[in-house]
Amino acid sequence: MIPEKRLAGGEEVVDESLIKRTKSDTGSSSTVATMGGVNNPNGTTNEKSDIDEDLHSRQLAVYGRETMRRLFASNVLVSGMQGLGAEIAKNLILAGVKSVTLHDEGTIELWDLSSNFIFTEDDMGKNRALASLNKMQELNSSVVISTLTTELTTEDLSEFQAVVFTDISLEKAIEFDNFCHRHEPPIAFIKSEVRGLFGSVFCDFGPKFTVSDLDGEDPHTGIIASISNDNPPLVTFIDDERLEFQDGDLVTFSEVQGMSELNDGKPRKVINAKPYSFSIEEDTTSYGEYKRGGIVTELKQPKVLQFKPLEEALKDPGEFLLSDFSKFDRPLLLHLLFQALDKFVSELRRYPVAGSETDAQKLISLVFSMLKDGNIDRVDEKIVRNFAFGARAVLNPMAAMFGGIVGQEVVKACSGKFHPLLQSVQSNLTGPFYFLFGGQFFYFDSLESLPVEPLDPDDLKPLNSRYDAQISVFGAKLQKQLEEAKVFVVGSGALGCEFLKNLALMGVSCGNGGKLTITDDDVIEKSNLSRQFLFRDCNIGQAKSTVAATAATLINPNFHIEALQNRASPDTENVFDDTFWEDLSVVINALDNVNARLYIDQRCLYFQKPLLESGTLGALCNTQMVIPHLTENYGASQDPQEKGTPMCTVHSFPHNIDHCLTWARSEFEELLEKTPAEANAYLLNPSEYISGMEKAGDAQARDKLERVLECLETERCESFIDCITWARLK
């Protein structure tokens with residue numbers, strides 16, 4: 001489901017005395033950051049209190065309390081602490097799982113600085129997991145963070161509810177996944193990779209994984225107008241809005257008068273669903289005659305999903321989840337490419353070198369050796385070559401994207417809420433559960449991001465800089481353009497923090513001629529900390545833009561950034577004047593309201609500046625690129641108006657919270673605004689008021705006069721005590 005586009009959308013150091021070193025049963029060394037009153041991954045006493053609603057208010061609204069409790073009881077392993085692993089761990093720690101164990105046997109290299117926001121140049125040569133521990137702990141003191149720095153065994157996985165691998169061979173992945181798949185209960189296994197502009201995710205949540213809520217939406221409801229005594233009976237509804245029931249849905253009835261047999265709470269299956277009616281699988285010929293009233297409510301059905309282990313899925317991947325409907329044949333090619341890369345690395349003990357035609361041809365030959373008759377029509381060697389050149393690089397934008405996807409999959413695995421990444425096909429089994437199976441691979445590429453002109457292999461060679469990974473994909477010339485860019489970021493909330501982190505790691509505005517301006521007139525609140533990861537407890541009450549800018553310069557000291565606290569609006573055009581706008585390279589919106597978006601869009605349209613627009617709403621998101629003379633601008637289209645609620649429904653059948661709020665507001669205005677205003681108008685000039693009512697002579701005028709009479713006579717308050725009595729009676 002895609003949401004409507006108008007979506008609202010200093011360092012703290014862990015005390016070293018709280019760090020303790022332990023030895024696991026297998027003898028591998030680990031480090032655990034213990035924060036007071038929280039469980040460790042091995043399952044000792046959990047003193048974690050109930051959900052901190054001030055901190056997790058946004059998550060509670062999306063997931064619900066029961067889902068959050070399951071999440072808070074989950075232990076997760078993240079193996080591979082390059083850029084992708086760091087993004088996944090960050091998202092899970094902010095979400096508030098019980099514990100996260102960071103695993104990595106490798107040491108920090110210069111290439112890691114292109115994608116990992118945790119590492120600095122001072123960390124070179126340190127173990128990746130150990131170097132991540134303290135800064136990861138700062139994100140959420142209620143989550144236990146521990147590390148493993150030696151080779152993993154299957155026994156190490158048994159204490160986790162979910163395990164994620166971002167840098168592992170296929171042979172080892174198959175071994176671990178088979179263990180997780182057969183474990184009782186099954187351990188959710190996720191394998192994800194980012195290679196240059198290509199990424200993949202594989203999920204295996206076990207042979208029978210129950211999803212309690214597929215979409216997280218509220219159950220559909222409808223107000224009944226009539227029910228026939230037939231087999232099957234026709235149920236019709238008031239026609240103020242179209243129904244959203246479908247054939248096969250299970251529904252329950254309540255508050256039905258006359259045909260009370262339907263009020264037993266028993267689920268009934270919908271058939272022949274139409275916009276304002278449906279039938280149910282029931283014989284009501286012997287039931288009482290329907291009189292009035294009644295509400296139908298959808299009964300959400302749990303579904304059991306059947307996952308295949310990685311070893312089987314590699315041979316028979318089934319239907320792939322599509323990310324781009326213009327690339328129907330691309331997922332199968334990427335499926336082969338990632339397997340070919342694994343063979344390349346296992347044979348040569350290294351990744352292909354950027355710009356090396358020899359390595360590219362080696363990878364192409366491996367792909368051809370894996371082809372099966374009828375599997376794929378042809379191989380685009382240009383795609384394989386681009387894959388080979390960037391295979392060693394973990395790019396931050398790709399890591400951020402896949403870090404969000406994988407983080408959400410872990411939440412699904414631990415909570416059972418929302419449908420996992422699984423191309424589903426319904427089986428022929430019947431009953432309350434529906435077993436589903438299908439493709440478990442998701443592939444994505446962003447080859448459109450490459451420069452239009454062919455890249456010179458010499459331009460891809462490393463320069464011994466923190467941007468070498470990025471240079472191996474885009475070339476040194478484009479990197480120089482990024483460093484000299486002048487960028488305007490509007491907003492520094494959840495999206496703004498992510499954008500600043502990405503831009504800093506990419507080297508945007510980090511050159512001598514580059515500059516990034518960020519503005520936000522808001523201050524940091526506690527509820528921001530669960531998703532705006534650049535902020536800490538000690539920053540509450542401080543300006544968002546200033547704190548975010550300071551944190552971004554810690555990620556990349558070369559970041560040229562200026563923080564302002566001005567609202568971007570017509571009132572601040574003396575600050576953001578014509579000279580400011582004319583000098584910009586690109587504008588990035590991180591806003592939470594439509595009016596501000598429309599204003600920025602109009603300024604970008606006037607000055608012919610590219611605009612990157614995006615928004616989030618719960619688990620939904622959207623993005624739009626506005627390129628001058630190429631795409632339509634943000635304000636060129638409008639969302640459909642939100643469905644209004646007819647007042648007859650509000651006054652007669654208020655059946656959800658929106659109706660009740662509308663009714664309450666209507667009553668409030670009538671009692672405390674409209675009626676007193678009418679009474680004052682009468683008292684100011686009685687004869688003129690009465691004359692006006694007589695001329696109107698309609699039912700509305702009569703209602704007004706009756707309310708005035710009630711206000712001044714039958715319910716008139718002579719003292720403060722009378723007012724209290726009147727209010728209490730109301």
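Predicted model: local features only at pLDDT ≥ 70, side-chain atom pairs only at ≥ 80, totals over all residues.

Reader: How much space lies in the second largest pocket?

Author: The second largest pocket holds about 890 Å³ of space. It is lined by 37 residues, and those closest to its centre are Asp-167, Ile-168, Ser-169, Leu-170 and Asp-342.

Reader: Which element gives the largest share of the lining of that pocket?

Author: Helix α7 does, with seven residues. Other elements that give two or more residues include α5 (170-182), β7 (188-195) and β19 (441-445).

Reader: Is His-335 buried or exposed?

Author: A residue is called buried when its relative accessible area is under 20%. His-335, which is placed in helix α7, counts as buried because its relative accessibility is 2%.

Reader: What does the side chain of His-335 reach?

Author: The side chain of His-335 reaches the backbone oxygen of Leu-314, at 3.3 Å. Leaving aside residues up to four places away in sequence, His-335 touches Ala-313, Leu-314, Pro-317, Phe-320, Phe-441 and Tyr-443.

Reader: How many disulfides does the structure hold?

Author: A disulfide covalently joins the sulfur atoms of two cysteines. The structure holds zero disulfides.

Reader: Where do Cys-497 and Cys-660 stand in accessibility?

Author: Cys-497 counts as buried, at 0% relative accessibility, whereas Cys-660, at 38%, counts as partly exposed.

Notes. Residues numbered from 1 in each chain as written. Heavy atoms only, no water. 1 Å grid on protein atoms, 1.4 Å probe; cavity = no way out; pocket = protein on both sides within 12 Å on 5 of 7 lines; lining within 4 Å. Points joined across faces, edges and corners; volume = space filled by probe spheres on them. Helix = DSSP H or I, 4+ residues; strand = E, 2+ residues; numbered from the N terminus. Buried < 20%, exposed > 50% of the residue type's maximum accessible area, 1.4 Å probe, protein only. Polar contact = N/O pair within 3.5 Å; in protein donor to acceptor, adjacent residues only side chain to side chain. Contact = heavy atoms within 4.5 Å. Disulfide = S-S within 2.5 Å.
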